[in-house]
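Subject: Structure for your attention

Dear colleague,

Please find the structure below, handed over together with its sequence. My notes on what was found in it follow.

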Amino acid sequence: MEFLFESPELLIALVVGAAGLVGGVGLARRRSDETDTTAPPQDATDVATREMSIEEIREVSGDTGSTDVLDLPEVPDTPAELLEEPPPAPTLTPRERFRQRLSRTRNVLGASVADLFGRGITDEAWDGLEEALISADVGVTATLEIVEDLKRRSREEGVVTAEGVVALLKQELRDALGSTDRSLGRADDEGPTVWLVTGVNGTGKTTTIGKLAAVEQREQRQVVLAAADTFRAAAAEQLGIWAERTGAALVRKDEGADPASVAFEGYAAANEREADLLIVDTAGRLHNKRELMDELGKVKRVLEKQAGPLEETLLVLDATTGQNGISQARAFLEAVEVTGIALTKLDGSSKGGIVVAVQRELGLPVKLVGLGEEIDDLAPFDPDLFVDGLFEQL
């Protein structure tokens, strides 16, 4: 003890350490009291989604894999103050959307025309216009025909200014796109409308389906998505994300299951739920064209046996691939009877003229265009808005 008093620093350290030990024991006791091992488990409805199995209606091609129909969970009552949302951001009009998102093609085509003919209507200007149209992926044959028509009309109508040439070119492009019906088909009688969606993997096919579901749900239509692309890794999971985001139901089976059986049970689920629309995703593998054609043909036959002729078979093409996309499209045209084109990534391409080439070379109307990454950026194709968007700044 005499030693302790002779070392006051040591005495202080011992006192502090003892106090800490007592406090630690008290804290441990409080934590133990707060931990109740008999607390009830977490409510099962906390999971992001819940599964509800449906009875197998029919075996297709010997496929006995289980089928899941995934729905969004029921939302519990929410306090009124939490339901208040901030004012929505201003939305673009269709004209503004086309004008803003076609800037890359406009820089290649629209601005070039003004520069080319700003110094007069010359042979060099016409040659430059040909190059600009080909650079925008209008296609060689279509470009030559358009330029020849422009030369003839400019002579006959006495056009001598760049503005006059632009006006004629806009009319030529509208004529090349035609006035075909671009609306999406709907079932006239009872039963869900069926849209089959196909295209090469990587073109934005699944995203297009998700955006279509969002548009339909906004119109108060009940949508079912069928994940019939059972060969691509995580394809069903990606479609499931869109189903959860849009409030659609999802029909899926195990990876490697027969795609036709998924389509079959997708229609059965849509019919049972009295849904307005069934959208069927399909695989887009081009490494074996014969296998692709057989698979797509089978999916379509199974659906038509249930629903009759399909209202839409949409082919998704990537605008950034240009003429290569048209070559890829021909394999799908051999497999199924396509009714229309959904052209994605138009905002990211300087080759917006592909719209003209696609319609001319494939003989199919472009019905939808992707103009951005937002959920509202899938737009019905409007030839007038498209052409005006290419030259809006002029």
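A residue is called exposed when its relative accessible area is over 50%, and buried when that area is under 20%. With a relative accessible area of 69%, E274 is therefore exposed. This residue sits in the loop between α12 (259–272) and β6 (277–281). Although E274 is not a glycine, its phi is positive, about 60°.

Confidence and overall make-up

Please bear in mind that this is a predicted model. The mean pLDDT of the chain is 78, with 74% of its residues at 70 or more. The pLDDT is below 50 over residues 1–62, a stretch that has 43 contacts in the model beyond near neighbours in sequence. Residues 72–89 also have a pLDDT below 50, and that stretch has nine contacts beyond near neighbours in sequence. Where pLDDT is low, the predicted coordinates should not be read in detail.

The chain has 394 residues, of which 46% count as buried. It contains 16 helices and 10 strands. Taking the contacts between residues at least 6 apart in sequence, 75% join residues at least 24 apart.

Helices α9 and α16

Two packed helices are described by the angle between their axes and the distance between the axes. For helix α9 (residues 162–177) and helix α16 (residues 383–391), the angle is about 145° and the axes are 10 Å apart. The crossing of α9 past α16 is right-handed. On the α9 side, the contact is made by V166, L169, K170, L173, R174 and L177. The α16 side contributes P383, D384, F386, V387, D388, L390 and F391. By type, the residues of this contact are nine nonpolar, four charged and no polar.

E172 is also found in helix α9. At 9% relative accessibility, E172 counts as buried. Leaving aside neighbours within four places in sequence, E172 is in contact with I146, D149, L150 and R153.

Helix α15

What makes helix α15 (residues 354–362) largely enclosed by the rest of the structure? Seven of its nine residues are buried, so the helix is largely enclosed. The buried residues of α15 are I354, V355, V356, A357, V358, Q359 and L362. They pack against both α9 and α16, and also against β7 (312–318), α14 (323–335), β8 (340–344) and β9 (366–370). After α15 comes G363, whose phi is positive, near 70°.

Aromatic pairs

The count of aromatic pairs comes to two. In the pair of F117 and W126, the ring centres are 4.9 Å apart and the planes stand at 70°, so the pair is edge-to-face. Both F117 and W126 are buried.

The other pair is tilted: F381 and F386 lie 5.4 Å centre to centre, with 55° between the planes. F381 has a relative accessible area of 5% and is therefore buried. F386 is likewise buried, with a relative accessible area of 1%. F386 also belongs to the contact of α16 with α9.

Which residues does G210 contact, once its neighbours within four places in sequence are left aside? The contacts of G210 are with W242 and T246. G210 is found in helix α10, and at 0% relative accessibility G210 counts as buried. From G210 to T246 the separation is 36 residues in sequence and 7.5 Å in space, C-alpha to C-alpha.

With kind regards

Notes. Residues numbered from 1 in each chain as written. Predicted model: local features only at pLDDT ≥ 70, side-chain atom pairs only at ≥ 80, totals over all residues. Heavy atoms only, no water. pLDDT = per-residue confidence, 0-100. Contact = heavy atoms within 4.5 Å. Axes fitted to C-alpha atoms, helices over the stretch in contact; angles between N-to-C directions. Helix = DSSP H or I, 4+ residues; strand = E, 2+ residues; numbered from the N terminus. Left-handed = near helix turned anticlockwise from the far one by under 90°. Nonpolar A, V, L, I, M, F, W, Y, C, P; charged D, E, K, R; others polar. Buried < 20%, exposed > 50% of the residue type's maximum accessible area, 1.4 Å probe, protein only. Phe/Tyr/Trp six-rings, centres within 6.5 Å; stacked < 30°, edge-to-face > 60°.
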